[in-house]
Structure formats: C-alpha cells, structure tokens
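Dear colleague,

I am passing on a structure that I have been reading through, and I would be glad if you could look it over with the notes that follow. Please keep the sequence open beside the coordinates as you read.

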Amino acid sequence: MQPIPVADNETGTDTGKKRSRAGRNLPAAIVVGAILAGMLVYTLLFAPRFWVLILAVATPIATHEITRRLREVGYDVPFIPLALGGQAMLWLSLPFGARGVLGAFGATVVISMMWRLVHRGLHTAPVNYLRDMSAMVMIAVWVPLCMSFAALLVFRDDGPGRVLCLLFPVVFSDIGGYAVGVLFGKHPMAPAISPKKSWEGFAGSLVLGIGAAVFAVTVFLDRPWWVGLPLGLLLVFTGVFGDLIESQVKRDLGIKDMGRLLPGHGGIMDRLDALLPAAVMTWIVLTVLP
C-alpha cells in the first residue's frame with residue numbers, strides 16, 4: 001500500500017541508497033518471502049505441531065528486537081521475564097488452551113513488574129518505572145499474547161487449515177496493497193504515520209485479502225464461502241492497522257526497521273506486525289462462527 005515515496009524510510013530520512021518505489025530491496029524481499037512461505041506451508045502440511053516451535057523461536061527474537069530498540073532510547077524494559085513468559089504462553093496453550101495462555105500472560109506481567117522493581121536492588125529507586133512498565137505490558141500483549149492465538153489455531157483436527165486461513169488473507173492483502181499502491185497509489189492514507197501507504201493500496205488489500213479469505217475457508221476448512229467475508233475484512237483492517245501501529249512505534253523511536261535479520265524485510269517483528277493482531281481476529285472468527 002505504498003504510493004509515491006517521500007523518503008527512504010518511515011522516519012523521513014534519506015539514506016542515499018537506491019530502493020524500489022515501495023522502499024524495499026525487492027529481489028531480496030521476494031526470495032526471503034518465498035523461503036519463509038515454503039517453510040510454513042511445508043510445516044503445516046507435514047508436521048503441524050512444529051508450527052508452535054516456529055512461533056516459539058520467532059517470539060523471543062521479535063521481543064528482543066523491540067526491547068533492544070527501546071533500550072537505545074533510554075527505556076529499561078526487562079527482556080528475560082518477557083522471553084520466558086512468552087514461552088510459557090505458547091507452550092501452555094498446548095495442554096490448557098486459552099486458559100493456559102491467560103494464566104501465563106498474567107504471571108508474565110506480575111513477574112516483569114517485580115523484576116523491574118528489584119533488578120538493581122531494593123536500595124535504589126527505579127527511574128521511569130511507570131513508563132517502562134507501560135511499554136512492557138504493551139510488548140507482552142503485542143508479541144507473545146497475540147502469537148499465542150496463532151498457536152491456538154493449530155490445536156484442532158482442522159488446525160493446519162485454520163492457520164492457512166490466517167496466512168493466506170494476510171499475505172495476499174499485503175501483495176494487493178503493495179502492487180496496487182506502487183502502480184496507482186496517489187492519495188496518502190496516513191501520511192503522518194506511514195507516508196507510503198495509499199487508499200488505492202488499501203483497496204487492493206481489500207480485494208485480494210477478502211478473496212483469499214473466501215478461498216481459504218472453502219478449500220482448507222470446507223466452510224460456507226460467506227465466512228470468508230467477515231474474516232477477510234477483519235484481517236485486512238487488523239493487518240493494515242498492525243502495520244501502522246509498528247510504523248508509529250518506529251517513528252517514535254526514529255528508526256526504519258526493528259531489526260536486520262531478514263534481507264529486504266527488516267527484522268522478524270517487521271514481518272509479524274500484520275500477522276500478530278490478525279491471529280487474534282482469526283481465532284475469534286473461526287471460534288464464534290459456525
């Protein structure tokens with residue numbers, strides 16, 4: 001959903017590097033995206049329980065990317081309790097479902113609050129405690145809690161299909177927004193947050209995202225086609241706003257990407273920004289609707 005670029009990155013700075021109109025190293029992004037997609041599809045088809053293992057690897061990496069960036073600007077957000085709590089949320093979802101996730105989330109918040117209070121000793125009063133704990137709770141919700149909903153999707157007989165109903169609409173929404181935004185984007189959608197996003201790109205996301213959702217629910221879950229309409233609509237909206245939320249966080253921090261692990265994409269968190277809130281909506285829709 002990127003129209004005519006106004007700068008090389010989200011913060012409006014110009015690094016002098018030549019990029020595509022969408023601000024990406026397009027060949028690298030395509031190669032990395034294809035490898036990731038192939039790995040995920042193979043896992044879901046032949047070893048679906050390894051889906052949780054993939055999430056368990058990605059969660060601490062994404063959490064570390066955010067906490068490291070926050071430390072660079074003066075925040076003191078504890079990584080260790082967030083990382084351990086994230087693992088607890090994911091793995092406790094296997095035997096206990098949503099109850100295990102909720103309990104682990106509550107314990108993560110409580111332990112992180114205590115950790116931040118005493119990790120430099122009780123004789124030293126922490127500075128900016130309220131600010132840091134607010135950021136900590138946001139990270140705990142943003143990454144491991146949302147990731148746990150992606151784990152909950154796979155613990156059904158049709159679990160791999162449910163996960164594909166998350167991945168297909170989000171991926172095709174991104175493709176539609178990217179292609180239409182680059183080719184036809186003229187009207188900025190949220191110029192103060194993400195200058196490269198356009199309303200034309202958003203329309204492209206709606207068309208391909210909803211179409212992919214309808215296809216996914218009928219092919220992978222054998223559900224009525226109309227279930228794909230609310231699913232696709234919600235995933236497009238949450239995906240777009242998930243991207244905007246991360247863009248605003250990066251704008252606050254004055255950075256382009258959360259990390260550099262994935263060439264052409266940035267960090268793990270830069271690939272998860274749309275999937276994380278979309279996982280919550282996918283679980284809700286597929287749990288509530290018949």
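**Overall organisation**

In this protein, 71% of the contacts with a separation of 6 or more are between residues 24 or more positions apart. Please bear in mind throughout that the model is predicted. The secondary structure amounts to 10 helices and 2 strands, and along the sequence these elements follow the pattern α-α-α-α-α-α-β-β-α-α-α-α. Of the 290 residues, 50% count as buried.

An unreviewed UniProt entry places the feature "transmembrane region" at residues 26-44, 73-94, 100-118, 130-155, 161-181, 202-221, 227-247 and 268-289. I looked at two of these spans in the model. Residues 100-118 are 100% helix and 0% strand, with end C-alpha atoms that lie 27 Å apart. Over residues 268-289 the chain is 86% helix and 0% strand, and there the end C-alpha atoms are 31 Å apart.

Helix H5 covers residues 129-153, and its 25 residues should span 36 Å at 1.5 Å a residue, which agrees with the 35 Å between its end C-alpha atoms. Because 18 of its 25 residues are buried, H5 is largely enclosed by the rest of the structure. The phi angle of asparagine 128 is near 55°, a positive value in a residue other than glycine, and the residue counts as partly exposed, since its relative accessibility is 42%.

**The hairpin**

Strands E1 (residues 188-190) and E2 run antiparallel and are joined by 2 bridges, and together they form a hairpin with 3 residues between them. In this pairing, proline 188 stands opposite serine 198 in E2. Strand E2, at residues 194-198, has 5 of its 5 residues buried, so it is largely enclosed by the rest of the structure.

Threonine 218 is found in helix H7, which runs over residues 199-220, and it counts as partly exposed because its relative accessibility is 31%. Leaving aside neighbours within four places in sequence, threonine 218 is in contact with Arg223, Pro224 and Trp225. Threonine 218 and glycine 228 are 10 residues apart in sequence, with 8.0 Å between their C-alpha atoms.

The loop between H7 and H8 holds aspartate 222 and also tryptophan 225. Aspartate 222 is exposed, with a relative accessible area of 68%, and its phi is near 55°, again a positive value in a residue other than glycine. Tryptophan 225 counts as exposed because its relative accessibility is 53%. Not counting residues up to four places away in sequence, tryptophan 225 touches Val214, Val217 and Thr218. From tryptophan 225 to phenylalanine 215 the C-alpha distance is 7.5 Å, for a separation of 10 residues in sequence.

**Helix H10**

Helix H10 (residues 275-288) has 14 residues and reaches 20 Å from its first C-alpha to its last, close to the 20 Å expected at 1.5 Å a residue. Its buried residues include Leu276, Ala278, Ala279, Val280, Thr282, Val285 and Leu286. As background, an α-helix has 3.6 residues a turn, so residues three or four places apart point the same way. The buried residues of H10 pack against H5, helix H6 (159-184), helix H8 (228-253) and helix H9 (268-272).

**Cysteines**

How many disulfides does the model contain? The count comes to 0, taking a disulfide as a pair of cysteine sulfur atoms within 2.5 Å. Cysteine 146 counts as buried, since its relative accessibility is 11%, and cysteine 165 likewise counts as buried, with a relative accessibility of 0%.

With best regards

Key
Residues are numbered from 1 along each chain as its sequence is written. This is a predicted model: local features need pLDDT of at least 70, side-chain atom pairs count only at pLDDT 80 or more; totals for chains, interfaces and linings use all residues. Side-chain values use heavy atoms; hydrogens and water are left out. Helices (H or I, at least four residues) and strands (E, at least two) are DSSP runs, numbered from the N terminus. The expected span of a helix is 1.5 Å times one less than its number of residues. Buried means under 20% relative accessible area, exposed over 50%, partly exposed in between (1.4 Å probe, protein chains only). Two strands pair if DSSP finds at least two bridges between them. UniProt positions are given in the numbering used here, feature names are shortened, and annotations may be inferred rather than shown by experiment. Contact means heavy atoms within 4.5 Å.
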